[in-house]
Amino acid sequence: MNPLYNFLQTIDNLVWGPPLLLLLVGTGIYLTVRLGLIQIRYLPLALGYLFKGNKNSKADGDVSSFAALCTALSATIGTGNIVGVATAIKLGGPGALFWMWLAALFGMATKYAECLLAVKYREVDANGQMLGGPMYYIEKGTGQKWLARMFAVFALGVACFGIGTFPQANAIVDAAYLSFEIPREITVIVLTILVAVVTLGGVKSIAKVASKVVPFMAVFYIIACVIVLGSQYSAIPEAIQLVVQSAFTGHAATGGFVGAGIMLAIQSGIARGVFSNESGLGSAPMAAAAAKTDSCVEQGLISMTGTFFDTIIICTMTGLTLVVTGAWQSDYAGAAMTSYAFASGLDSSFIGPMMVTIGLMFFAFTTILGWNYYGERCITYLFGVKAILPYKILFLVLIAAGAFMKLDMIWLIADIVNGLMAIPNLIGLILLRDVIVTETREFFQKLTPPPANLQTA
């Protein structure tokens, strides 16, 4: 085994050990209680705001609330929804899907809180664009500049070496080669040019593309999953039962599956769930800060729907497809497992994998766009607007390099920097918990009596 891989595996196990898992889920549980189950009670209101839009066209911001959410979703709906779910179930068994659900449920409260703070503490840069995110609300809200800079450095690492580049570029190149036999070199060149064309136009260009592509790709993939699940509808109740039972009992080895205990199901489910929906990482707030809105609470509500769409809907579709078709017990892994599931479900060795390939390529491409913007916000915070162009050039170079890295190494690096990024953000949320509750209470007092469980202390 490669010594570097072993070293990275050790670091990954330390970063994603029980302390971080408890911090992630614990923060979500705490905010859920303090905010009176806001993600459940006010989800219909949040969806209403999302599709209604902000009535004040003169509100501060660069893009609409819908476009800001699509920019965030472009970064979150990616390979995690196809490859990440398959990887989680391969490692932790069907029970991993249950823990993804649980992490997403509490993660919605976390996403709400961080995006609320992003709008409240945002500012304008030298180019006239909105700046916001954990680095700003940590520095301005808590005064802990060192913690804010730590977040920016780790988030920049995620953009350049984690979710933003290596896994996505590698997924696109492999998918194009395996499904269409397009040489990797050609795919890399085309991908790099497309990313450059969109990202050099800034957040408005990225948001414009995201607001068109994200809804299309999400609907396309959901329809494909519904077709597969529809063909196996009689197996769905048993699959759900297996998911819930395995979450608390583990699962013995069957077929190509190596077997998993409860702790492995929890760890893989939460880690891959966070990789997919990014709740608690602090990425979505950077997109939320660009929204044209006059209410930080309203944008927080809109932003929390991102976790709902990403994990509760799309990841669930993928997970159930893997379970009902029996693909999770096969010898395949990652995207190959999902392709096998679609091929089995649609009884077609061509149409099924083709749907997965197309979905994967769209998901991965938009994730690259979203994370390019996140990295730009971090580099601006650390070094000013003068560093944006050099950063974008470096980002394009890394896209090309990531296409030729080994998959196992890619996921390890992505996992490590993700975990490191989450730590300062979660600490910031805990330190600013009273601000979150106060803003929420004041907003809902203007609409209806505040939630009974919305505490003031």
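Predicted model: local features only at pLDDT ≥ 70, side-chain atom pairs only at ≥ 80, totals over all residues.
Me: Which residues of α17 are buried, and what follows the helix?
Reply: G334, M337, T338, S339, A341, F342, A343 and G345 are buried in α17. After the helix comes D347, with a positive phi near 55 degrees.

Me: Why is T321 called buried?
Reply: Buried means under 20% relative accessible area, exposed means over 50%, and partly exposed is in between, with a 1.4 Å probe and protein chains only. T321 has a relative accessible area of 1%, so it is buried. You will find T321 in helix α16 (residues 296-324). Not counting residues up to four places away in sequence, T321 touches C225, V228, L229, A341 and F342, where touching means heavy atoms within 4.5 Å. Both A341 and F342 are among the buried residues of α17.

Me: What makes α10 oblique to α11?
Reply: Start with the angle. The axes of helix α10 (residues 166-180) and helix α11 (residues 184-199) come within 9 Å and cross at roughly 130 degrees. That makes the two helices oblique to each other, since angles under 35 degrees count as roughly parallel, over 145 as roughly antiparallel, 65 to 115 as roughly perpendicular and the rest as oblique. The axes are lines fitted to C-alpha atoms, for helices over the stretch in contact, and angles run from 0 to 180 degrees between N-to-C directions.

Me: Which residues of α10 and α11 meet?
Reply: A169, I172, V173, D174, A176 and Y177 in α10 meet R184, T187, V188 and L191 in α11. Sorted by class, this contact has seven nonpolar residues, one polar and two charged. Ala, Val, Leu, Ile, Met, Phe, Trp, Tyr, Cys and Pro count as nonpolar, Asp, Glu, Lys and Arg as charged, and the others, Gly among them, as polar.

Me: Why is E181 called exposed?
Reply: Its relative accessible area is 66%, so E181 passes the cut-off for exposed. E181 sits in the loop between α10 and α11, and its phi is near 60 degrees, a positive value in a residue other than glycine.

Me: What makes L37 partly exposed?
Reply: The relative accessible area of L37 is 39%, and therefore L37 counts as partly exposed. L37 also has a positive phi, near 55 degrees, in a residue other than glycine. Its place is in the loop between α2 (18-34) and α3 (38-41).

Me: Why does F180 count as partly exposed, and which residues is F180 in contact with?
Reply: At 38% relative accessibility, F180 counts as partly exposed. F180 belongs to helix α10. Leaving aside neighbours within four places in sequence, F180 is in contact with A175, M354, T357 and M361. F180 and M354 are 174 residues apart in sequence, yet 9.2 Å apart in space, C-alpha to C-alpha.

Me: Why does T357 count as buried?
Reply: Its relative accessibility is 4%, so T357 counts as buried. T357 lies in helix α18 and touches A175, S179 and F180, not counting residues up to four places away in sequence.

Me: How do you know that α7 and α21 are roughly perpendicular?
Reply: Helix α7 (residues 95-120) and helix α21 (residues 433-447) pack at about 85 degrees, with their axes 10 Å apart. The two helices are therefore roughly perpendicular to each other. Y112, A113, L116, L117 and K120 in α7 meet V435, I436, E439 and T440 in α21. That contact has six nonpolar, one polar and two charged residues.

Notes:
Residues numbered from 1 in each chain as written. Heavy atoms only, no water. Helix = DSSP H or I, 4+ residues; strand = E, 2+ residues; numbered from the N terminus.
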